[in-house]
Amino acid sequence: MHYLLNDLNTPVMRLLEEAITQPRRLIREYEKVWKGQFDYPGGHLEHYYAIRELFNAGETMPAHMLYLLARCVKGSVRYGRDGNFNQSPDKRRHGTSPQTLALSVLPLSSLLTGKTTFSALDYREFLKQAQPGDVVYMDPPYQGVSSVRDTRYISGVSYEAFAEAVEDLESRNIDYLISYDGSCGEKAYGKDLPTSLRCTKVMLKAGLSSQATLLGRKAVTYEALYVSNRLLANARPLPQQETFLEALA
Ligand SMILES: C[S@@+](CC[C@H](N)C(=O)[O-])C[C@H]1O[C@@H](n2cnc3c(N)ncnc32)[C@H](O)[C@@H]1O
């Protein structure tokens, strides 16, 4: 089995590549950056801003992006209009420790090293190489708020262009799985993919919404997964299928 990983965001792909092919070097470098916050002259917040500035100036060390991800508010990436990473530091936490980080990075690397190719292309360009027999998984930017610029991603993806790309996969007999929005409580997010596609929408129960819980409400979040019908027909039943069926729209 060979895996091709792609995201338009080059620093994200550089980080994934380092985590998979050079996990020990990544952990070592992250440890240096992470420890740097404790004796930084202006304090740990200034240290974060200094690393963010380096990153926005084009510094390409994967450990820097990882540190920003681990150290920023709610671990949520935010980009400004100029494309700069502009999320603030979490003032109460110091970010994942290098030891905890190693517990995620090392198993990820042993699963994928030697079996993975990396690229940072637009998804339409990337999909050109797909062939019958391949399975494509896509997790495009959240559609729910696509009418406004979404600061979570360096780029959005238009519904129409995306639907067209999926249609093209179908016409080439390529199987796919797509995570595409969902619902929380009574509220549904995003438009369904066109019914003309030969795929099935499965609603996966993702648990209680932490955002709603914070607001004192209980709301279950469902994530929509579109599965090409041929792939579904060939799939073995999953142990938790009853939970999935319960949630079918
Ligand atoms: C919902 S996130 C994927 C998150 C990922 N599955 C994870 O678990 O970390 C959507 C991703 O789509 C990427 N993206 C946005 N526009 C793209 C494009 N035109 N081609 C390829 N990737 C794109 C963004 O950079 C972002 O990382």
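Helices H1 and H4 are roughly perpendicular to each other, a label given to angles of 65 to 115 degrees, whereas angles under 35 degrees count as roughly parallel, over 145 as roughly antiparallel and the rest as oblique. The axes of H1 (residues 10-21) and H4 (residues 62-71) come within 9 Å and cross at roughly 105°; such axes are lines fitted to C-alpha atoms, for helices over the stretch in contact, with angles running from 0 to 180 degrees between N-to-C directions. Pro11, Arg14, Leu15 and Glu18 of H1 make the contact with Pro62, Met65 and Leu66 of H4, two residues being in contact if their C-beta atoms, placed from the backbone, lie within 7 Å. By class, this contact has five nonpolar, no polar and two charged residues, where Ala, Val, Leu, Ile, Met, Phe, Trp, Tyr, Cys and Pro count as nonpolar, Asp, Glu, Lys and Arg as charged, and the others, Gly among them, as polar.

The model is predicted, so that local features need pLDDT of at least 70 and side-chain atom pairs count only at pLDDT 80 or more, while totals for chains, interfaces and linings use all residues. Residues are numbered from 1 along each chain as its sequence is written. Helices (H or I, at least four residues) and strands (E, at least two) are DSSP runs, numbered from the N terminus.

The axes of H2 and H4 likewise come within 9 Å, crossing at roughly 60°, which makes H2 oblique to H4.

Within H2, Glu29 counts as partly exposed because it has 19 C-beta neighbours inside 10 Å; a residue is buried with 20 or more other C-beta atoms within 10 Å of its own, exposed with 12 or fewer, and partly exposed in between, the C-beta atoms being placed from the backbone. Not counting residues up to four places away in sequence, Glu29 touches Met61 and Ala63, and the C-alpha atoms of Glu29 and Met61, 32 residues apart along the chain, are separated by 8.9 Å.

In H5, Leu101, Val105 and Ser109 are buried, and the buried residues of H5 pack against H1 and H2 (23-36). H5 is followed by Gly114, whose phi is positive, near 80°.
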